[in-house]
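Welcome, and please open the model in your viewer. We will select a few places one after another and see what is there.

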Amino acid sequence: MEKARNVTILLFDEVEALDFCGPFEVFSVTGRQRNASPFNVFTCAEKPGPVLARNQLSVNPRYTILDGPPPDILVVPGGFGTRREMNNAVLIEWIKTVAANAELVLSVCTGALLLAKAGLLDGLSATTHHGALQLLTETAPRATIQADKRYVDNGKIVLSAGISAGIDMSLHVVARLLGWEEAVATAHYMEYAWRPEV
């Protein structure tokens, strides 16, 4: 049986809840109907202790960025906290370092701003929440902004628009890695009306 891929979901204060919970759910339940676990999904944060997501949701990350397993897939969610974390040199350097060795790097919503600050979007297509498109244009001037896309796939770097779009992107990644039928079965298990982009 193929080794499970490590999916690391980054958390920080004021992260948007569905930005990280959507992908967490998709990757966690993939394979469940056939008693398989192709993904080992966990959360991490810069420091130990609870993270206060949007609307004061308290979340306990499983690891810190220093002690977690190396990610095969890195998920960088968004939320208002990204405006502060854009200037967090420690976190940006960690994203850059981890991305170099990861199979895939995904962003949801304004998580794209952190990828931009890490220099990962130059020459690529990108998207984010519709309310942050101008900020992404300013932060990633060498990226092509796809304002009308729910998600964009550049190969290693995959980005989604805002909040619930992270679920669609994650299902797209499941389809890419494990096949269309696996992604459809995952969406069906979640009772999610997936709308794949063509």
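Strands here are DSSP runs (E, at least two residues), as helices are (H or I, at least four), and both are numbered from the N terminus; two strands pair if DSSP finds at least two bridges between them. This is a predicted model, in which local features need pLDDT of at least 70, side-chain atom pairs count only at pLDDT 80 or more, and totals for chains, interfaces and linings use all residues. Residues are numbered from 1 along each chain as its sequence is written, and side-chain values use heavy atoms, with hydrogens and water left out.

**First stop: strand S11**

Select residues 157-160, which make up strand S11. Ile157 and Leu159 on one side, and Val158 and Ser160 on the other, are all buried (under 20% relative accessible area, 1.4 Å probe, protein chains only).

Tyrosine 151 has serine 160 as its bridge partner in S11. Three residues lie between S10 and S11 in this hairpin, and glycine 155 in the turn has a positive phi of about 105°.

Next, show strand S7, residues 104-108: it runs parallel to S11, joined by four bridges. Look for valine 105 opposite isoleucine 157.

**Second stop: threonine 82**

Move to helix H2, residues 81-85, and pick threonine 82. Is threonine 82 buried or exposed? Threonine 82 is buried, because its relative accessible area is 0%. Leaving aside neighbours within four places in sequence, its contacts (heavy atoms within 4.5 Å) include Phe12, Pro77 and Leu114.

Conventions. Buried means under 20% relative accessible area, exposed over 50%, partly exposed in between (1.4 Å probe, protein chains only).
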